Structure formats: structure tokens, C-alpha cells
Amino acid sequence: MARQIFKNLIDNPNIKVSWIKAHANYPGNEKADELAKEATTTGQPYTVLLPTSHIKSVLKARLLRDWQELWTKGNTGRPIHKVLPKVSLHTQNWSRELSIFLIEHGPFPTYLHRFRLSQTDYCNCGGIGSPIHYATECPFTLSWHLKTPAFSNIDPWRKSIAQNKILSNKICELIRFIHQNNDLLKIN
């Protein structure tokens with residue numbers, strides 16, 4: 001019984017246990033004494049009914065905590081983890097093209113080569129065909145270039161693209177161009 005009580009206290013951090021002076025007419029304390037005496041004589045457990053809203057909020061908080069732990073310690077989705085390190089029940093209204101750019105899955109030679117769908121990870125211009133290459137330095141995508149970030153600032157740069165409507169629209173146009181002109185960018 002003591003182990004179960006201890007487990008319940010650990011599982012429910014909103015329950016606080018503290019000492020108060022006995023027989024000082026505290027209504028909650030008097031009720032607790034009454035229930036304790038009843039439990040020793042009858043041996044029947046006393047069920048405390050909690051409001052459904054409270055149970056939902058506790059379960060939601062526990063779900064988010066567990067989800068955050070899995071997201072933080074996980075091995076997959078690391079490009080998105082750098083942009084969205086904190087889990088949320090609110091959706092990101094990202095377009096398909098912006099998602100492709102941020103998750104780095106799509107018509108990029110680096111991605112295609114990784115899954116042996118291309119023989120090389122180079123762009124037709126001679127650079128490594130990554131999303132950042134197309135967004136900053138590829139001569140074929142000059143119209144959509146953004147300022148090249150320092151290596152140490154790549155993650156904040158990607159985050160700023162996700163948060164800035166003008167930059168995300170520019171990236172969307174870039175991804176549409178890459179899709180439409182894939183043969184131009186691929187090494188034959």
C-alpha cells in the first residue's frame with residue numbers, strides 16, 4: 001500500500017502532501033481523519049472522483065511530456081527537429097514545397113543519392129545538390145537566391161525561413177522551379 005501511495009504521488013505531481021496541526025477544525029483534515037478511521041475499521045478503499053476536465057489535462061500534459069522526450073531523443077526527423085525543437089498540438093501551416101525544403105526530402109541530388117536513386121549527389125553546375133545549395137549558390141537558381149548563412153547559423157537560417165512569409169514564398173517558388181526543371185539540374 002505504501003509503494004502504491006508513493007507511486008501515485010510521483011505520477012501526480014499536482015498532489016501536495018504537507019503537515020497541518022491536528023484537530024484544529026480544518027475541514028479537509030477532519031474529513032481525512034474520518035476516512036482514515038473508516039479505512040482501518042472497514043478495510044474498504046475510498047475512491048476520489050476527479051473531474052473529467054482534470055483527468056484530460058493531466059493526460060494531455062503527460063502525453064506532451066512523453067512525446068517531447070521521444071522527439072528530443074529520437075534519431076529521425078532531425079532537420080525538422082532543428083526548426084521545431086518543441087512539440088506542439090498546433091499544426092504548422094507549411095506548404096508542401098516548404099516542407100520538402102525543410103525536411104530535405106525531394107528532388108535534391110543529395111537525397112536521391114542517399115537512397116541510390118541517383119548515381120551522384122552533385123548538381124549539374126558541379127556543386128553538392130543540397131537544398132541549401134539551390135537556395136544560395138546554384139547558378140541555375142540565381143533568381144531565388146537567399147543570402148548564404150555561415151555554417152554555424154544554418155539552423156537559425158532555416159528557422160527564419162519557416163517563420164518569414166516572404167522567404168518561405170521564395171523557397172516555394174524555388175522548389176516548384178526545381179520540380180519543373182529537374183532535367184536541367186541533374187547530371188546526365
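Okay, let me start with one side chain: glutamate 69 is partly exposed, at a relative accessible area of 42%. Keep in mind that what we're looking at is a predicted model.

So who does glutamate 69 pair with? Its salt-bridge partner is lysine 73, and the closest N and O atoms of the two sit 3.4 Å apart. Lysine 73 counts as exposed, with a relative accessible area of 63%. Both residues belong to helix α3, which covers residues 52-73, and they're four residues apart, about one turn of the helix.

Now over to helix α1, residues 2-11. Here aspartate 11 makes a salt bridge with lysine 7, with 2.5 Å between the closest N and O atoms. How far apart are those two along the helix? Four residues, so about one helical turn separates them. As for the surface, aspartate 11 is partly exposed at 30% relative accessible area, and lysine 7 is partly exposed too, at 44%.

One more pair for you: arginine 65 and aspartate 66 form a salt bridge, with their closest N and O atoms 3.6 Å apart. Aspartate 66 is partly exposed, its relative accessible area being 36%. If you tally up the salt bridges in the model, you get five.

While we're on charges, the protein carries 24 positive and 14 negative ones. Where do they sit on average? Well, the mean position of the positives and the mean position of the negatives are 1 Å apart.

Okay, zooming out to the fold.

Then the overall shape. A compact globule of 188 residues would come out with a radius of gyration near 16 Å, but this protein has 28 Å. Along the principal axes, the C-alpha atoms fill a box of roughly 85 × 35 × 30 Å.

What share of the residues is buried? That's 24% of the 188.

Last one, on contacts. If you take the contacts with a separation of 6 or more, 42% of them are between residues 24 or more positions apart.

Happy to go back to any of it.

Methods:
Residues numbered from 1 in each chain as written. Predicted model: local features only at pLDDT ≥ 70, side-chain atom pairs only at ≥ 80, totals over all residues. Heavy atoms only, no water. Rg over C-alpha atoms; globule rule 2.2 N^0.38 Å. Buried < 20%, exposed > 50% of the residue type's maximum accessible area, 1.4 Å probe, protein only. Contact = heavy atoms within 4.5 Å. Lys, Arg positive; Asp, Glu negative; His and termini not counted. Charge placed at Lys NZ, Arg CZ, Asp CG, Glu CD. Salt bridge = Lys/Arg side-chain N within 4 Å of Asp/Glu carboxyl O.
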